[in-house]
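Visitor: I would like to go through this model with you, starting with how its parts are put together and then turning to individual contacts.

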Amino acid sequence: MGSADDGNSAYGHKAFKRSKSHFADRVTADGRDGWPVEAGRYRLVVSRACPWASRAVISRRLLGLEDALSMAIADPIQDDRSWRFTLDPDGRDPVLGIRYLSEAYDKRESDYPGGVSVPALVDIPSGKLVTNDYQQLTLDLATEWTALHREGAPDLYPRALRDEIDTVMADVYEDVNNGVYRAGFASGQEEYEEACAGVFHRLDLLTPRLARQRYLVGDTITEADIRLFTTLVRFDAVYHGHFKCNRWKLAENEVLWAYVRDLYQTPGFGDTVDFDHIKRHYYQVHTGINPTGIVPLGPDLAGWLTPHHREGLGGRPFGDGTPPGPAPTAETVPAHHRPTTDQGD
Ligand SMILES: N[C@@H](CCC(=O)N[C@@H](CS)C(=O)NCC(=O)O)C(=O)O
């Protein structure tokens with residue numbers, strides 16, 4: 001698979017190192033890289049298992065870009081040709097007409113030798129990959145795609161708060177988003193201990209901050225919350241066990257557990273989360289660290305829907321905007337892949 005976080009290749013005897021996105025063209029309002037923002041032109045290819053792709057999935061929902069930017073959901077289990085569209089009829093993405101995401105990479109650069117990763121933005125007319133730069137992708141959805149945002153879309157990267165958002169995100173990336181991977185794929189005790197300690201050190205620092213304020217920066221949801229959420233929502237399901245980040249479970253930290261439940265219950269966050277894809281991907285694909293491929297039954301998901309009582313902290317989730325409507329029917333996460341209420345839904 002030659003992947004960035006693939007359990008079989010990413011951790012040899014060297015420290016885990018995340019490979020850089022190779023294609024970093026940007027889709028912008030002025031089209032300066034040759035890729036102008038245009039409704040219906042691009043396809044966002046994701047795996048619901050992947051935390052980096054999930055950032056884009058959430059941003060797209062919050063900003064109401066579903067009609068303008070369609071989405072392909074890959075099978076959570078890659079094969080030796082990487083991400084594939086085996087969830088679709090005939091195993092082909094119905095819009096791009098391809099069976100493997102690598103076909104879009106190859107169209108962009110023939111015999112592309114690097115890893116194939118999600119999220120990926122693909123130009124529908126040419127079938128070519130435009131970018132797999134997940135760090136820039138969500139910032140561009142927030143700031144370059146504004147002409148196509150829904151009415152009431154929040155400002156996820158407000159100009160006045162960018163320095164603070166960038167600072168928080170840099171620490172969260174290093175210690176938390178990527179820290180869990182460094183712990184999980186560590187090939188030595190010392191490397192593991194350093195990464196695992198870093199994860200909890202950062203979470204310990206974030207806890208008093210999030211005890212005082214509802215969101216990470218300012219009083220509304222921003223890009224910083226999206227990036228922390230995508231790791232926290234996976235924490236007890238995969239990082240605690242599979243990646244050995246087990247000083248405590250998120251559900252044992254009253255503040256962070258309430259924070260992540262608050263976001264989970266906010267339209268555009270929890271409705272993108274597929275716990276089945278998350279668990280099967282990590283436990284079945286990383287055979288280097290889970291050779292049996294056995295997927296654990298727990299944890300119990302019912303807690304995700306319990307009251308979080310964070311409204312008392314103030315804050316306006318969408319600022320002057322409004323929450324997004326429900327996810328398009330075709331993109332609804334199956335009921336047995338998410339927590340359900342006792343009444344059934
Ligand atoms: N590789 C990307 C980050 C995105 C990423 O690592 N995605 C993972 C899934 S969570 C992926 O697609 N890995 C390739 C694979 O597993 O085949 C980068 O660092 O620029």
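Visitor: How much area is buried between domain 1 and domain 2, and what share of it do carbon and sulfur atoms give?
Guide: This is a predicted model, and its domain assignment gives domain 1 as residues 9-148 and domain 2 as residues 159-319. Across the boundary, 30 residues of domain 1 are in contact with 34 residues of domain 2. The area buried between the two domains is about 2800 Å², and the share given by carbon and sulfur atoms is 61%.

Visitor: Which helix supplies the largest share of the side of domain 1 that touches domain 2?
Guide: Between the domains there are 13 residue pairs in polar contact, counting pairs with both residues at pLDDT 80 or more. On the side of domain 1 that touches domain 2, helix H1 (51-63) and helix H3 (134-143) each supply at least two residues. The largest share, nine residues, comes from H1.

Visitor: Which side chain meets Arg61 in a salt bridge?
Guide: The count between domain 1 and domain 2 is one salt bridge. At a distance of 2.7 Å, N to O, the side chain of Arg61 meets that of Asp271.

Visitor: How many residues apart are Glu331 and Arg60?
Guide: The side chains of Glu331 and Arg60 meet in a salt bridge at 2.7 Å, N to O, and both residues are buried. Glu331 lies in the segment after H9 and Arg60 in helix H1, so that the pair links distant parts of the chain, 271 residues apart.

Visitor: Why does Arg182 count as buried while Glu194 counts as partly exposed?
Guide: The side chains of these two residues, Arg182 and Glu194, meet in a salt bridge at 3.4 Å, N to O. The cut-off matters here, because buried means under 20% relative accessible area and exposed over 50%, with partly exposed in between. Arg182 is therefore buried at 15%, whereas Glu194 is partly exposed at 48%.

Visitor: Against which helices do the buried residues of H8 pack?
Guide: Helix H8, residues 254-264, is mostly covered, with ten of its eleven residues buried, among them Trp257 and Arg261. At its N-terminal end the helix is capped by Asn253, of which a side-chain oxygen lies 3.1 Å from the backbone nitrogen of Val255. The buried residues of H8 pack against helix H6, helix H7 and helix H9.

Conventions: Residues numbered from 1 in each chain as written. Predicted model: local features only at pLDDT ≥ 70, side-chain atom pairs only at ≥ 80, totals over all residues. Heavy atoms only, no water. Buried < 20%, exposed > 50% of the residue type's maximum accessible area, 1.4 Å probe, protein only. Helix = DSSP H or I, 4+ residues; strand = E, 2+ residues; numbered from the N terminus. Contact = heavy atoms within 4.5 Å. Polar contact = N/O pair within 3.5 Å; in protein donor to acceptor, adjacent residues only side chain to side chain. Domains from an automatic or database assignment. Buried area = accessible area lost by both parts, 1.4 Å probe. Salt bridge = Lys/Arg side-chain N within 4 Å of Asp/Glu carboxyl O.
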